[in-house]
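Please read the following note alongside the sequence and the model.

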Amino acid sequence: MESHMPGKCPDLRLLIDFYLGKLDEEAMETIFVHLEICDSCEKLLEQIENKHPVPFLQKLRSMNLTTDRAYLHEPEFQQALQNLPTVIDQSLRESPEP
């Protein structure tokens, strides 16, 4: 993936891939950092989330896991990450269009 400066906004497809967890770790981190400083991209991501809610992701976000990252190295978490794209794709296919 092309490197993005934190101030340069990612395109819509990249934000959707970020939301679905389809990017590599470096790209995910770059967009995450960008979202912390860019209100317009944060709002666009919220619109994506509202149009295509994924209950699993909503639950993870509500848990506020950013303060303790010890779980990142647990085998169960790694397995869940591997299964996440399939779960998200199934959820998107099953959710009715607004």
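1. The structure holds 1 salt bridge, defined as a side-chain nitrogen of Lys or Arg within 4 Å of a carboxyl oxygen of Asp or Glu. This is a predicted model, in which local features need pLDDT of at least 70 and side-chain atom pairs count only at pLDDT 80 or more, while totals for chains, interfaces and linings use all residues. Residues are numbered from 1 along each chain as its sequence is written, and side-chain values use heavy atoms, with hydrogens and water left out.

2. Which side chains meet in the salt bridge? They are those of Arg 13 and Asp 17, at 2.9 Å from N to O. The two residues are 4 apart in helix α1, so about one helical turn separates them. Helices are DSSP runs (H or I, at least four residues), numbered from the N terminus.

3. Arg 13 is partly exposed, with a relative accessible area of 46%, whereas Asp 17 is buried at 16%. Buried means under 20% relative accessible area, exposed over 50%, and partly exposed in between (1.4 Å probe, protein chains only).

4. Helix α1 covers residues 12-20, and its buried residues include Leu 14, Leu 15 and Phe 18. Asp 11 caps the N-terminal end of α1, with a side-chain oxygen 3.3 Å from the backbone nitrogen of Arg 13. After α1 comes Gly 21, which has a positive phi near 75°.

5. Glu 25 lies in helix α2, which spans residues 25-37. Glu 25 is exposed, with a relative accessible area of 71%.

Terms used
A polar contact is a pair of N or O atoms within 3.5 Å; within protein, one must be able to donate a hydrogen and the other to accept it, and residues adjacent in sequence count only if both atoms are side-chain atoms.
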